[in-house]
Amino acid sequence: MSGSEIRSAAYGTVPTDTSEDVRTRGAGVATQVAVLPVGSFEQHGPYLPLATDTLVACAIAREIAGAYPVHLLPPVTIACSHEHAAWPGTVSISSVTLHAVVRDIAASLRRSGVEALVLVNGHGGNYVLGNVVQESSAAGERMALFPSAEDWEAALERSGVSTSLLTDMHAGEIETSILLHAHPEVVRPGYESADFVADDRRHLLTLGMSAYTDSGVIGRPSLGSAEKGKELLASLADSFGAYFSLLSAGSPAASGTESRIAATGESDAADDFGAGAPTSS
């Protein structure tokens with residue numbers, strides 16, 4: 001398959017594949033792998049859009065689809081953002097609903113011959129995704145959660161991002177950089193002077209984000225740049241190679257092992273980069 005044929009699946013936030021595109025791409029691999037971006041619709045301060053996590057997850061998924069013959073799916077755009085309820089515009093669904101949606105998507109894919117599913121998570125508050133992967137893997141299904149904390153650490157080092165995953169929790173250097181590269185038109189003025197640090201967030205799940213930030217920002221967005229965003233995505237695409245090899249050629253038991261490893265980078269203080277995302281909500 002030529003590079004142009006692979007890249008055709010990665011155009012825009014919503015894929016434009018036809019059924020024939022999917023059939024042709026799947027003919028070249030032993031096991032078809034689908035990629036599902038999972039984001040959120042929640043506040044990201046006054047300069048990044050409510051759809052930031054979805055746009056970030058889609059940017060990662062598009063980068064993956066440009067490098068590997070995967071079946072790129074449209075994003076899940078509303079997820080578990082309850083900790084952001086104090087800000088207007090935030091919309092959430094329950095973890096039970098998100099669990100059911102992902103399980104239904106995976107089952108539907110299997111019925112059509114796509115046996116493996118990778119969840120590309122852009123919102124660390126989607127903790128339940130780790131549970132979905134663990135349960136599915138234990139049942140012998142092929143599923144993984146991406147990126148892991150280790151994948152993000154490698155991406156930070158390669159891109160020159162200086163803020164740690166702990167500090168860069170929400171609307172900080174990482175998300176601002178990715179959007180400056182992938183969707184600069186949605187980044188509004190103000191991120192240059194919006195830095196705010198709150199590393200001790202031990203009661204986040206109980207009190208919500210509003211207990212730790214007035215602006216909604218926790219991180220250093222002033223350090224963001226389009227070049228860093230480009231390198232972050234390139235590094236993540238490289239890291240995805242191990243997942244693709246495992247799921248497209250390995251046994252279900254092996255993919256379960258990898259999925260459990262990939263699902264362990266979650267902490268109660270994490271938000272956009274916790275459950276398979278860098279560190280935040």
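Trainee: Arg202 first, then. Is Arg202 buried or exposed?

Mentor: Arg202 is exposed, and its relative accessible area is 58%. Keep in mind that this is a predicted model.

Trainee: Okay! And which residue does Arg202 form a salt bridge with?

Mentor: The partner of Arg202 is Asp200, with 2.8 Å between the closest N and O atoms. Asp200 itself is partly exposed, at a relative accessible area of 46%.

Trainee: How many salt bridges does a search of the whole structure find?

Mentor: The search finds eight. Another of these salt bridges brings together the side chains of Glu141 and Arg103, at 2.6 Å from N to O. Glu141 sits in the loop between helix H5 (128-138) and strand S4 (142-146), while Arg103 belongs to helix H4 (residues 95-111), so this pair ties together parts that are 38 residues apart in sequence.

Trainee: Nice. What other salt bridge does the side chain of Glu141 make?

Mentor: The side chain of Glu141 also meets that of Arg110 in a salt bridge, here with 3.3 Å from N to O. This pair links distant parts of the chain as well, with Glu141 in the loop between H5 and S4 and Arg110 in helix H4, 31 residues apart.

Trainee: How accessible are Glu141, Arg103 and Arg110?

Mentor: Glu141 counts as buried, because its relative accessibility of 14% falls under the 20% cut-off. Arg103 is partly exposed with a relative accessible area of 25%, and Arg110 is partly exposed at 25% relative accessibility.

Trainee: How far apart are the C-alpha atoms of Ile105 and Leu117?

Mentor: They are separated by 9.0 Å, and the two residues are 12 apart along the chain.

Trainee: Switching to the sheet: what's the strand order?

Mentor: The order is S2-S1-S3-S4, in an open sheet of four strands with parallel pairing. Strand S2 (71-72) and S4 are the edge strands, each pairing on one side only.

Trainee: Remind me, through what do strands of a sheet pair?

Mentor: Through backbone hydrogen bonds, in either a parallel or an antiparallel way.

Trainee: And how many bridges join S3 to S4?

Mentor: Five bridges join strand S3 (residues 116-121) to S4, and these two strands run parallel. If you want a place to look, Val118 has Ala144 in S4 as its bridge partner.

Trainee: Zooming out, how many helices and strands are there in the protein?

Mentor: There are 10 helices and four strands. Starting from the N terminus, the elements run α-α-β-α-β-α-β-α-β-α-α-α-α-α.

Trainee: What share of the residues is buried?

Mentor: Of the 281 residues in the protein, 56% are buried. The accessible surface comes to about 10800 Å², and carbon and sulfur atoms account for 54% of that.

Trainee: What about contacts between residues 24 or more positions apart?

Mentor: Those make up 76% of the protein's contacts with a separation of 6 or more.

Trainee: Last one, Ser222. Where is its place?

Mentor: Ser222 lies in the loop between helix H8 (204-207) and helix H9 (226-249). Ser222 is partly exposed, with a relative accessible area of 31%.

Trainee: Which residues does Ser222 touch?

Mentor: Not counting residues up to four places away in sequence, Ser222 touches Tyr191, Glu192 and Asp195. With Asp195 there is also a polar contact of 2.6 Å between the side chains.

Trainee: And how far is Ser222 from Ser177?

Mentor: From C-alpha to C-alpha they are 9.5 Å apart in space, and they are 45 residues apart in sequence.

Trainee: Great, thanks for the tour!

Conventions. Residues are numbered from 1 along each chain as its sequence is written. This is a predicted model: local features need pLDDT of at least 70, side-chain atom pairs count only at pLDDT 80 or more; totals for chains, interfaces and linings use all residues. Side-chain values use heavy atoms; hydrogens and water are left out. Buried means under 20% relative accessible area, exposed over 50%, partly exposed in between (1.4 Å probe, protein chains only). Contact means heavy atoms within 4.5 Å. A polar contact is a pair of N or O atoms within 3.5 Å; within protein, one must be able to donate a hydrogen and the other to accept it, and residues adjacent in sequence count only if both atoms are side-chain atoms. A salt bridge is a side-chain nitrogen of Lys or Arg within 4 Å of a carboxyl oxygen of Asp or Glu. Accessible areas come from the Shrake-Rupley method with a 1.4 Å probe; for residues, only the protein chains shown count as cover. Two strands pair if DSSP finds at least two bridges between them.
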